[in-house]
Amino acid sequence: MRNHDAAAGPMGLEEAVKLLKRETLPLGRVQSVPLPEALGRTLAERVFATHDQPPFPRSPLDGYAVIGEDTDGAAAESPVTLKVIAEVDAGDVFADTLQPGEAVRIMTGAPVPNGANAVIRQENTDYGEDQVRLYRSVRPWQNYVFQGEDYKEGHLLVRPGACLDASTIAVLASLGLESVTVVQRPRALVISTGSELQHPGEPLKPGRIYDSNLFMLQAQLKDWGVDVAEAICCQDDPALVEDYIRSRQEEVDLIFTTGGVSVGKRDIMHEVFRDLKVEKMIGGLAIKPGSAVLCGKYRGKWLLALSGNPYASFVGLQLLARPILCGLTGNDALKMVYVNAALADSYDKASPLRRFVRAYLQEGLVYLEGHTGGNGDVASGLHINALLDIPAGTKAMEAGSRASVWLL
Ligand code: AMP
Ligand code: MG
């Protein structure tokens, strides 16, 4: 059941996130992409190992494959001598079986010959070619990489929802896959509203500011794997915004706006929600910044109307769009990650409401200096990698106090 009562007043963040998750269904559209183009995409299939890795017992170093027991007692003063019967390079295979008293010169990555159960590092030998003197012993299975030690055939290696980063792509490549099934990118419409907003490239007119939210939103959404179908900057005219939303909604999966959500005369998004009969589910959040926010569904698609204040729109996007996009795509990488860390700087304001402060986390310390500007500031958002999450009712915080930090 939808909580329409909650839409009337500010909602707690946890409740809002729960609601967004509950009301978001997976898009369910998938596509196949070649591995070199899979970076950042969300896996849509289960990937099982189709062979053992490594597919054969392997030498982890350059040396001599031996029978470990043959080397017992070998030392600098009492070397053991073995007969070198062959050499096997990476990519080669030694077809025979090693017998007691024998060694095979072997390179890193080459299959350990049958009969051998260890590899002695070449630095512990005289590098002999027909015969080799060993100055150290090796135990059976020492320097021996077992077949399937990395992964075994049939093993579930990667689950749907995995973000295809370099390490995951390496695993898929090790299976010999050429392409992979990923979730299609959700498509978004982005609209910034404000009659004071000016396009880039034009000289700034009196009373105007350049539109930064439109570009922040596009960049962030793109970074999260969203295809921004269209980004429009719009005057404070509800009819215009309504027209854009009505005419473009069919091509997209979700809609973002910024500006016009608080209580001024020109806060047009309330009117837009009314006129378009948007099913409003969130009518404000009990957080700072970003308390002024409207969120609902228009023709079954999320419409998230964020504040125009640059930092408030950033926070709103982080907190509300991530759970929606997680639900639409299953992308695990969009889940917020918390860490506990100590403040490097004090934070002097009291926080009657739960508050998010721009921060830079490094080596367990949370730096706030340079980031504590107002909600209308953009430059305070330079060089941040985290948001300090201050619980409601917290007084000023001293440097050294422990705090919860969300990694961006
Ligand atoms: P609003 O939410 O429309 O009341 O706007 C709040 C503040 O954010 C005002 O100072 C606006 O000028 C500013 N603002 C609104 N939209 C943008 C935008 N797209 N880029 C930068 N600043 C904005
Ligand atoms: Mg405005």
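# Briefing: a ligand site, a strand and some backbone details

Glu 279 is partly exposed, and its relative accessible area is 26%. That value comes from a predicted model. Glu 279 belongs to strand β15, which covers residues 279–282. Elsewhere, ligand 1 takes up the space of the largest pocket.

**The ligand and its shell**

- Ligand 1 has 17 residues around it. Those that come nearest are Glu 196, Asp 211, Ser 212, Gly 260 and Gly 308.
- By class, the shell holds 10 polar, 4 nonpolar and 3 charged residues.
- Two strands each supply at least two residues of this shell: β10 (187–193) and β12 (209–210).
- Glu 196 places a polar side-chain atom 2.5 Å from an oxygen atom of ligand 1.
- Gly 260 uses its backbone instead: a polar atom there is 2.9 Å from an oxygen atom of the ligand.
- Asn 309 also approaches through its backbone, with an N or O atom 3.3 Å from a ligand oxygen.
- Taken alone, ligand 1 exposes 480 Å², and the protein buries 76% of that area.

- Glu 279 counts as partly exposed because its 26% relative accessible area falls between the 20% and 50% cut-offs.
- Lys 280 is in strand β15 too.
- Lys 280 is likewise partly exposed, at 32% relative accessible area.
- The C-alpha atom of Lys 280 is 8.8 Å from that of Tyr 298. Along the chain, these two residues are 18 apart.

- Trp 302 is part of strand β18, residues 301–306.
- Is Trp 302 buried or exposed? Trp 302 is buried, with a relative accessible area of 4%. It gets that label because the cut-off for buried is under 20%.
- Ile 324 is 22 residues from Trp 302 in sequence. In space, their C-alpha atoms are 8.2 Å apart.
- Thr 24 sits in the loop that runs between α1 (13–22) and β1 (30–34).
- Thr 24 is a loop residue, yet it counts as buried at 7% relative accessibility.
- The side chains of Thr 24 and Trp 302 make a polar contact at 2.9 Å.

- Gly 327 has its place in helix α6, which covers residues 310–329.
- Gly 327 is partly exposed, at 21% relative accessible area.
- How many residues along the chain lie between the positions of Gly 327 and Leu 20? They are 307 residues apart, but their C-alpha atoms are separated by 8.3 Å.

**Cis peptide bonds**

- One cis peptide bond runs from Gln 53 to Pro 54, where omega is near -10 degrees.
- Pro 54 is in the loop between β2 (47–48) and β3 (63–66).
- Another cis bond joins Lys 288 to Pro 289, with omega about -5 degrees.
- Pro 289 also lies in a loop, between β16 (287–288) and β17 (294–298).

- Asn 143 has a phi near 55 degrees, a positive value in a residue that is not glycine.
- Where is Asn 143 found? Asn 143 lies in the loop between β7 (131–134) and β8 (156–158).
- Asn 143 is partly exposed, with 23% relative accessible area.
- His 383 is not a glycine, and its phi is positive too, at about 60 degrees.
- The loop between β21 (365–367) and β22 (386–390) holds His 383.
- His 383 counts as exposed at 59% relative accessibility. The label applies because the cut-off for exposed is over 50%.

Terms used: Residues are numbered from 1 along each chain as its sequence is written. Chains are lettered from A and ligands numbered from 1 in the order in which they are written. This is a predicted model: local features need pLDDT of at least 70, side-chain atom pairs count only at pLDDT 80 or more; totals for chains, interfaces and linings use all residues. Side-chain values use heavy atoms; hydrogens and water are left out. A residue is near a molecule or strand if one of its heavy atoms lies within 4 Å of it. A polar contact is a pair of N or O atoms within 3.5 Å; within protein, one must be able to donate a hydrogen and the other to accept it, and residues adjacent in sequence count only if both atoms are side-chain atoms. Accessible areas come from the Shrake-Rupley method with a 1.4 Å probe; for residues, only the protein chains shown count as cover. On a 1 Å grid over the protein atoms alone, a cavity is a set of points where a 1.4 Å probe fits but cannot get out, and a pocket is an open set with protein on both sides within 12 Å along at least five of seven lines; lining residues have an atom within 4 Å of a point. A molecule sits in a cavity or pocket if more than half of its atoms lie within 2 Å of its grid points. Helices (H or I, at least four residues) and strands (E, at least two) are DSSP runs, numbered from the N terminus. Ala, Val, Leu, Ile, Met, Phe, Trp, Tyr, Cys and Pro count as nonpolar, Asp, Glu, Lys and Arg as charged, and the others, Gly among them, as polar. Buried means under 20% relative accessible area, exposed over 50%, partly exposed in between (1.4 Å probe, protein chains only).
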